[in-house]
Amino acid sequence: MRHLPETPAQKNSLFNAMNRFLGAVNNMDQTVMVPSLLRDVPLWDDAELCGHKSDVDDGDVDMYSYYQLLKSIRQDIEWGLRVSPVVEETPLRLTRVNSIASTASSSSFASSLSSSEDEEEEEDLQKQFQYHLAGLQGVLGKLTTQADSLTKRYKQSIGL
């Protein structure tokens, strides 16, 4: 993936947050030549990772499983979510039903809808989008920090 220089105005863009995360995971993946060295290394020994250990189950989590998790998230960003066929059918069916109902309601009830209702719905969608965008950027920031921390810790363990 090509990295473009970041301007101050773009610092908080989703695209740049994803690029920073992808870059950190790619760096981690290139640095960790022997991932098995991360097995059985407790996650909570690292202050950067410890701050976010509530995101994962403390029972069986080691650095290796977290390494695999970060790589899996990178793959989801690059290639999309992997969804099983059964789960995939349900949202599509619901989408089709909703879209048919939406088309019917908009054509038959168009005269009864006021512009204020449309504006409220658009404003609500904008607020939802901004809320989820801020959440996604926050999560990507934490994951980037964790990938960098895992890379740093691996380098320390092999003496680099």
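**Helices and salt bridges in a predicted model**

The accessible surface of the chain in this predicted model comes to about 11400 Å², and 56% of that surface belongs to carbon and sulfur atoms.

Q: Which pattern does the chain follow, read along the sequence?
A: The chain has five helices and zero strands. Read along the sequence, the pattern is therefore α-α-α-α-α.

Q: What share of the contacts with a separation of 6 or more is between residues 24 or more positions apart?
A: Buried residues make up 21% of the 160 residues in the chain. Among contacts with a separation of 6 or more, the share from residues 24 or more positions apart is 74%.

Q: How far apart are the end C-alpha atoms of helix α3, and what span should its 17 residues have?
A: Helix α3 covers residues 63–79. At 1.5 Å a residue, its 17 residues should span 24 Å, and this agrees with the distance between its end C-alpha atoms, 24 Å.

Q: Within what arc do the buried residues of α3 fall, seen down its axis?
A: The buried residues of α3 are Met-63, Tyr-64, Tyr-66, Tyr-67, Leu-70 and Arg-74. They line one face of the helix, because seen down the axis they fall within an arc of 170°.

Q: Which residue follows α3, with a positive phi?
A: The phi of this residue is near 90°. The residue is Gly-80.

Q: How many residues apart in sequence are the parts tied together by Asp-29 and Lys-71?
A: Asp-29 forms a salt bridge with Lys-71, with the closest N and O atoms 3.5 Å apart. Asp-29 lies in helix α1 (residues 14–31) and Lys-71 in helix α3, so the parts tied together are 42 residues apart.

Q: Is Arg-74 buried or exposed?
A: The side chain of Arg-74 meets that of Asp-29 in a salt bridge (3.4 Å, N to O). This pair joins α1 and α3 across 45 residues in sequence. Asp-29 is partly exposed, at 25% relative accessible area. Arg-74 has 12% relative accessibility, under the 20% cut-off, and so counts as buried.

Q: Which residues are linked in a network of salt bridges?
A: A search of the whole structure finds three salt bridges. The network consists of linked residues Asp-29, Lys-71 and Arg-74.

Q: By about how much of the helix are Glu-123 and Lys-127 separated?
A: Their side chains meet in a salt bridge (3.2 Å, N to O). Glu-123 is partly exposed at 43%, whereas Lys-127 is exposed at 52%. Because the two are four residues apart in helix α5 (residues 115–158), their separation is about one helical turn.

Terms used
Residues numbered from 1 in each chain as written. Predicted model: local features only at pLDDT ≥ 70, side-chain atom pairs only at ≥ 80, totals over all residues. Heavy atoms only, no water. Buried < 20%, exposed > 50% of the residue type's maximum accessible area, 1.4 Å probe, protein only. Contact = heavy atoms within 4.5 Å. Areas by Shrake-Rupley, 256 points an atom, 1.4 Å probe, with all protein chains shown as cover. Expected span 1.5 Å × (residues − 1). Arc of directions from axis to C-beta. Salt bridge = Lys/Arg side-chain N within 4 Å of Asp/Glu carboxyl O.
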